[in-house]
Amino acid sequence: MNTHDIAMHIQTHKAPAVLATLIEVEGHSYRKPGAVMLFFEGGTIGSISPGCLESDLQLRTSEIWERGLPEIVEYNMLSPDDLSWGETVGCGGKIKVVLEPVQGELRELLVQASDRLSAGERLVLFREVVGRGFDYKLELDTDIPLSQNRKHPKLSHLAKESMATGRFMAAQAELTAFHTCFVPKPRLVIFGGGRDVVPIAELANRVGFRVVIADWREGSLQNEFPHAERIICSPTEVVQRLGVAQEDYVLICSHQIRRDKQFLESVIPQAPLYIGVIGSKARIALLLEGLEVPAFLYAPVGLPIGGEGPEEIAVSIIAEIIQIRRAGLRELPKGADRFESSGNIFGSRAEQADGRVQGFTEIVTGGLTRERRA
C-alpha cells in the first residue's frame, strides 16, 4: 500500500486532492479491498486497477472536490460482452470505490497520520456513514504482530462482523463503514555501499521500502543513492546508531569478511525480520563459522531465478524480501509460497471460477506439475 506516501503528500501539499479507496470486490480484481489511490493536480499516488479505471475516476475528482462530499462509484466488468470496457479491462469483476475530497477533518487526520507514521506508529483510519458524509476516527493499531494477523476495533454493531475479519462492509443499498490501514514504510538497512548496491537500493525504494545504507568507507557512499539515507560508521556502531529492531530488514554486502562478520554479530541479537548475505557459499561458510545461524538469515541471498549482473541479482534479492514481507513468517523456506496459488499467473480456462487463479504449470502442461528447482 502507498498510504505512507499519500499521507506525506497531503502534509506537504495544500492543493485539492481526492482519495479513492477500493471497498468491495466481486469476482477478480487487480487490487484487493483496502487499496487506496490519491488524485491531485498533476499526478497520482497508488493504483486501483491496472489502468482501466483511473481515467474515469480522474474525471470525477473535480466535482467531488467542489461538492465537498464523498461518492461511491461502482464498475461492473463481469460481462465479457461489455463493449464500453472491451478487451482493455484487467479486472473482470464488480468493483466499488469510495471517492473522498481531502478536506476538513479528513485532511487534518491525514496530516496527523503522516507525523505518526514517521514516528513508526501503525494506524487505522475508520469511517462510518453519518448523513451524507463520514464520521472519521484515527486510532493506533496496537495489535499487529510480525505475522501481520489483524484484529480490528469495532465502530458499530453493523460493522462488527466485517471489521473482525478485516473485511470492508457495504450494505446492499449503501455503504455502512470501512477502514484504511496506515503503516510506516518498512526499513531496509544495507551494510555496504558499493556500486552493486545501487540497483538494489533503487528497486527497494520503488517497491515501498525506506532504504538506509551504512558503510565505514566514505568513498563508497559517493555512489548514486538519491532516495536512500546514508550513514558512515564502523560495523559495530551501525546497530546502535540506527536502532535496528525486529521490524527491520537487513542486507549485508560490504564484500569484506571481517567487517561483514562484525556487523552480523551485532545485528543477529536484534532479530530483524530478515537478514540477507550476498556472496558465494564458500565465503558465507567462512562468514558464519562459529555463529549460531538464526531462521531469519538468508544466505546466499535472493530467490533462485538464475540472475546475472547487478540488476538481475537486485530483482532476486528484492523479490525474496517482498516474499518475506507479504508472508510475515520468519520460517518461510527459500522459494516457498506462503499463500495458496501465490506465484501463479492468471489463466484462461473456460470454467475458471471468478477470482480463482490458474497456475502456470496448468497452462503449459495441461495440469502436470513440475518440481521447483533451487
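Before you start, note that the model is predicted: local features need pLDDT of at least 70, side-chain atom pairs count only at pLDDT 80 or more, and totals for chains, interfaces and linings use all residues. Residues are numbered from 1 along each chain as its sequence is written, and side-chain values use heavy atoms, with hydrogens and water left out.

**Stop 1: H1 and H3**

Select residues 3-12 for helix H1 and residues 104-118 for helix H3; the two pack at an angle of about 120°, with axes 8 Å apart. Helices here are DSSP runs of H or I with at least four residues, strands are runs of E with at least two, and both are numbered from the N terminus. Axes are lines fitted to C-alpha atoms, for helices over the stretch in contact, and angles run from 0 to 180 degrees between N-to-C directions. H1 and H3 are therefore oblique to each other (under 35 degrees is roughly parallel, over 145 roughly antiparallel, 65 to 115 roughly perpendicular, and the rest oblique).

Now show the side chains in contact (heavy atoms within 4.5 Å). From H1, pick Thr3, His4, Ala7, Met8, Ile10 and Gln11; from H3, pick Arg107, Leu110, Val111, Ser114, Asp115, Leu117 and Ser118.

**Stop 2**

Next come the salt bridges, each a side-chain nitrogen of Lys or Arg within 4 Å of a carboxyl oxygen of Asp or Glu. The count comes to 14. Select Glu63 and Arg67, whose closest N and O atoms are 3.6 Å apart in a salt bridge. Both lie in helix H2 (residues 54-67), 4 residues apart, about one turn of the helix. Glu63 is partly exposed at 47% relative accessibility, and Arg67 is partly exposed at 40% (buried means under 20% relative accessible area, exposed over 50%, partly exposed in between, with a 1.4 Å probe and protein chains only).

**Stop 3: a bridge between strands**

Which residue forms a salt bridge with Lys96? Select Glu74; the closest N and O atoms of the pair are 4.0 Å apart. This bridge links distant parts of the chain, with Lys96 in strand S5 (residues 93-101) and Glu74 in strand S4 (residues 71-76), 22 residues apart. Lys96 is buried, at 15%, whereas Glu74 is partly exposed, at 44%.
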